[in-house]
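Let's take a walk through this structure together. Keep the 3D view open as you read.

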Amino acid sequence: MKKVTRNLVLFIIALLILGIYYYVSLPAINIHAAGFWMTLELVIAFATIVYAVSQVRRQSKSNVVPIKSTEKMLKEMKGVKIGFGLFVLTLVIFAGGNLLSSPIINADKYQKLMNVRESDFTQDIQQTNYNTIPLLDKDSAELLGNRKMGSMVDMVSQFEVGSDYTQINYKDTPVRVTPLVYANEIKWLTNQKAGIPAYIRIDMATQNTECVKLEQTIKYSKAEYFNRNIYRHLRFHYPTYIFDDQIFFEIDDEGTPYWVCPVKKFNIGLFGGQTVGNVVLCNAVTGECTDYPVDQVPNWIDKVYSAELLKKLYNYYGIYKHGFFNSVLGQKDCLKATSGYNYIALDDDVWVYTGVTSVSGDQSNVGFVLMNQRTMETKYYKIEGAIEDSAMSSAEGQVQNLGYSATFPLLLNISDQPTYFMALKDGAGLVKKYAMVNVQKYQWVAIGDTVKECEKAYVTLLATNGISEVKDHTDMYEKISGKILAAAPVVIEGNTHYYIALENSEMVFDVDLSDQKLIGIIRYQVGDMIQLTYAPEESGVQIVAEIGE
């Protein structure tokens with residue numbers, strides 16, 4: 001009876017330990033998951049050790065036979081031998097599965113995971129609309145988000161801004177969205193019953209930042225600790241699914257928050273050729289989950305494939321064209337994505353942009369690719385030019401006296417020319433200027449205080465160098481006439497500007513005297529009539545392009 005009770009206690013303890021391990025580590029019950037095999041090995045090892053210990057205790061207390069050496073007793077324990085054999089077998093299966101799934105054996109299969117088609121740049125990427133391109137990077141968005149949170153006096157002591165900052169298209173506008181999170185464990189304890197009350201939405205074109213308060217709070221998130229933790233919630237609903245390392249916070253067209261959770265699919269052996277097979281959409285408010293095949297996800301979802309996964313798949317395509325050993329030795333025709341990436345909004349989808357260069361590590365691109373984050377559709381554009389890092393250095397060289405750093409560029413179509421566009425930030429991370437760099441002639445750089453001013457300088461630069469004619473940009477500018485009400489000179493970063501106010505307008509106009517054609521402003525006095533041509537801005541001062549009587 002005592003033996004039965006002791007064994008029952010050991011069994012209950014083993015189940016308890018296994019349950020705690022499962023609750024904390026959340027392994028998928030799936031042979032394609034590495035965590036499944038690690039868990040299985042731990043279970044086998046633990047059961048074998050417990051069995052061996054119990055046998056040693058039994059043998060040592062027996063009066064029928066003399067006490068034997070531990071080594072000899074273990075040899076006689078059939079259960080220990082079986083446990084050890086199972087442990088070795090799982091190790092062999094795991095190691096063999098990794099080998100048989102690797103590119104060494106399956107380079108051709110890896111190369112075909114992504115379908116890439118060549119396309120035409122000028123047809124696919126139309127002349128740029130600056131209302132639909134993100135002018136900020138994630139770091140700048142984080143600054144805006146933290147600044148906005150600091151102004152929310154009713155929440156700032158209890159919550160912080162999460163680090164997600166997912167870039168999506170929201171009503172044809174590029175935005176980044178991120179939920180609030182509990183400030184610390186104590187704040188979670190006092191607020192978790194009510195939930196997270198808001199998320200941050202940042203317009204990446206206008207820099208407008210909103211803290212969107214919810215009627216129904218977010219109950220399921222990464223910031224929760226127990227059953228409402230989004231990863232644990234998903235695991236309990238889908239115990240066999242292998243979820244991607246990245247899940248994405250998004251909002252639908254009504255502003256309802258969701259978690260978009262890609263499910264890994266392994267196409268080569270046990271562990272190789274990862275893509276996405278399904279997508280679980282979890283309502284962050286209610287926790288309701290819906291499972292979609294990857295080709296049937298709702299169109300408002302923008303992120304199914306992470307940028308890192310898409311780049312990895314493209315590298316398989318570019319590196320393994322002639323097999324694995326060619327990728328290591330001869331490296332004939334081997335191409336890879338460049339180190340960075342950015343996002344472009346096309347056809348209400350978010351596409352990952354990255355350059356394509358040779359594996360030899362030279363400083364030039366042979367082209368670039370756009371990869372759809374919802375469908376994995378990939379387009380290749382054969383355009384030779386400077387690598388992004390070279391273009392960034394070229395732009396920074398134009399403002400080296402100011403010490404600005406360039407963000408990773410976007411690729412735009414300016415006058416039918418592929419053009420790198422980037423923001424220039426100061427040491428505090430604030431955007432101060434914008435730069436455009438010609439992809440094929442990266443020494444041609446245009447700088448402007450505003451996007452429109454930068455584009456104007458760039459188009460003029462292209463015409464000067466015979467690349468294209470200066471197009472009629474009258475649609476970019478407006479004209480205004482009136483009496484000068486006030487004029488004040490100011491010095492901005494070493495350059496003199498005149499701020500002008502007119503009697504018939506509430507706007508303020510900026511005349512930059514570093515532009516030689518605007519130097520004539522010094523002849524005007526308060527009360528004189530003047531005509532100004534300017535690039536309209538939604539906020540701030542209006543940048544003057546020309547002066548007329």
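Predicted model: local features only at pLDDT ≥ 70, side-chain atom pairs only at ≥ 80, totals over all residues.

Residues are numbered from 1 along each chain as its sequence is written, and side-chain values use heavy atoms, with hydrogens and water left out.

Start with the largest nonpolar core, which has 42 residues. Such a core is a set of buried Ala, Val, Leu, Ile, Met, Phe, Trp, Tyr and Cys residues joined through side-chain atoms within 4.5 Å; buried means under 20% relative accessible area with a 1.4 Å probe, protein chains only. Strand S5 (residues 196–203) gives the largest share, five residues. Strands here are DSSP runs of E, at least two residues, numbered from the N terminus. A second, separate core has 41 residues, including Met-392 and Leu-424.

Now find Thr-275, in strand S9 (residues 272–283). Is Thr-275 buried or exposed? Thr-275 counts as buried because its relative accessible area is 9%. Its side chain makes a polar contact of 2.8 Å with that of Asn-267; that term means a pair of N or O atoms within 3.5 Å, one able to donate a hydrogen and the other to accept it within protein, and residues adjacent in sequence count only if both atoms are side-chain atoms.

Last stop: five strands close into a barrel, in the order S23-S24-S25-S27-S26, with mixed pairing. Strands pair if DSSP finds at least two bridges between them. S25 (residues 508–512) and S27 (residues 542–548) run parallel, joined by two bridges, and Phe-509 stands opposite Gln-542 in S27.

Note on methods: Helix = DSSP H or I, 4+ residues; strand = E, 2+ residues; numbered from the N terminus. Buried < 20%, exposed > 50% of the residue type's maximum accessible area, 1.4 Å probe, protein only.
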